[in-house]
Amino acid sequence: MSTEHEAQVTQTLERLHAAGDLDTVEAIRVEALGKQGWLNALMKTLGKMSPEERQTEGPRLQGMRARVADAIEDRKAVLEAAALEAKLATEVLDLTLPAPAAPQGSVHPVSQVMDELAEIFADLGFAVATGPEIEDEWHNFTALNMAETHPARAEMDTFYFPDRDADGNRMLLRTHTSPVQIRTMVGEGAPVRIIAPGRTYRSDSDATHTPMFHQIEGLAIDRDIHLGHLKWTLETFLKAFFERDDIVLRLRPSYFPFTEPSVEVDVGYSNEGGRRVVGGHGDAEGHAWMELLGSGMVNPRVIAAAGLDPDEYQGFAFGCGIDRLAMLKYGMNDLRAFFDGDARWLSHYGFSPFDQPTLSGGVGARA
């Protein structure tokens, strides 16, 4: 029996040596080592042998199997190398063809809009200011004339930390970027013209609200500042941002604790192709008004809390959601998609990192 098996192994090795292609090698492998292969069938006979027979036949059969398996791998390597050599000898590289496109990342729409806003307000003489996202109650609420009974201070609306600062103030994730205004006035005095873009946090989540969102606030403090300066600044900003000259604003009286008087700013818009398009007069046919941002003259108490004399200095402030500006300008309909991390969404709405916004070239240029 052993002589017959050795002869079968020798025959298999000879066939492998003569095999001229990979398909033939694969057929021999299946015939010998496949589920129904003759070598596998021999290995199964070990289970029917006595311990003494297995001690003798086991190593012999394992050796036969190893010889065939090694021969198969060796022949495959030889044939694959030969095929590669033949391919290289016959292939021609056309150096005139363009190189394949390299993978390219995208700028997130929020980052793009932040760059657009910085470009616009820099042209208006505003600097970009930043501040910590973990704030204390004094900067986030008290200095902004928000009383201890204000609803925004409720546990259900604000993310508080168990820690307190050295003065005993509770610590929290800032609910707006307004604390940056306080820190800038305290640190730099007046006059001051800044915008404060950044992340803010509130306990809210639906199609138009998320627990973390992005906000931009603006502040101008100087002598003889009045409401007309605010209206001109907002009108100029929105015309540049939406890249339309037919932006019409409507200012409505409102209330914010940190401004007095306070105004809600509405813009005219129309519905085109299922999306809101900002532009036109809100009272015109086919148009309506949409609330866009809040603003007003800085409350004298806020100016005083920042260490400035409210009888000498006045100013205006405004705030708006950056995510909402991006949604309106670029036709996005669900705020939650901004934070899903879906590469397909970013591929559709993202911007080329090489296409930086400029006022001369257009702040909303798409890739």
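Colleague: What span does helix 4 reach from its first C-alpha to its last?

Modeller: In this predicted model, helix 4 covers residues 51–90, which is 40 residues. At 1.5 Å a residue, a span of 58 Å is expected. The helix comes close to that value, reaching 58 Å.

Colleague: At which residue does helix 4 bend?

Modeller: The bend in helix 4 amounts to about 30°. A proline, Pro59, follows within four residues of the bend. The residue at which helix 4 bends is Glu57.

Colleague: Which residues of helix 4 are buried?

Modeller: Buried residues are those under 20% relative accessible area. In helix 4 they include two arginines, Arg60 and Arg75.

Colleague: Why is strand 10 described as largely enclosed by the rest of the structure?

Modeller: Strand 10 runs over residues 287–298 and has twelve residues. It is largely enclosed because the number of its residues that are buried is nine.

Colleague: Over how many bridges does strand 10 pair with strand 8?

Modeller: Strand 8 comprises residues 259–272, and its pairing with strand 10 is antiparallel. Within strand 10, Gly296 is the bridge partner of Ser262. The number of bridges between strand 8 and strand 10 is ten.

Colleague: Which residue in strand 11 stands opposite Met297?

Modeller: Strand 11 (residues 314–321) pairs with strand 10 in the antiparallel sense, over four bridges. The residue of strand 11 opposite Met297 is Phe316.

Colleague: Is the pair of Phe256 and Phe258 stacked or edge-to-face?

Modeller: The search of the whole structure finds ten aromatic pairs. The ring centres of Phe256 and Phe258 lie 6.0 Å apart, and their planes are at 0°. Planes under 30 degrees apart count as stacked, so the pair of Phe256 and Phe258 is stacked.

Colleague: Is Phe258 buried or partly exposed?

Modeller: Phe256, at 19% relative accessibility, counts as buried. Phe258 has 22% relative accessibility, and therefore counts as partly exposed.

Colleague: What is the angle between the planes of Tyr330 and Phe351?

Modeller: Tyr330 belongs to helix 10, whereas Phe351 lies in the segment after helix 11, 21 residues apart. Their ring centres are separated by 5.1 Å, and the pair is edge-to-face. The angle between the planes is 70°.

Colleague: Which residue lies over the face of Phe241?

Modeller: Phe241 belongs to a cluster linked by ring pairs, together with Phe121, Phe126, Phe237, Phe242 and Phe318. At 4.5 Å from the ring centre of Phe241, the residue over its face is Lys329.

Terms used
Residues are numbered from 1 along each chain as its sequence is written. This is a predicted model: local features need pLDDT of at least 70, side-chain atom pairs count only at pLDDT 80 or more; totals for chains, interfaces and linings use all residues. Side-chain values use heavy atoms; hydrogens and water are left out. Rings of Phe, Tyr and Trp (its six-membered ring) pair if their centres lie within 6.5 Å; planes under 30 degrees apart count as stacked, over 60 as edge-to-face and the rest as tilted. Buried means under 20% relative accessible area, exposed over 50%, partly exposed in between (1.4 Å probe, protein chains only). A charge sits over a ring if NZ of Lys or CZ of Arg is within 6 Å of the ring centre and within 35 degrees of the ring normal. The expected span of a helix is 1.5 Å times one less than its number of residues. The bend at a residue is the angle between axes fitted to the seven residues ending there and the seven starting there. Two strands pair if DSSP finds at least two bridges between them.
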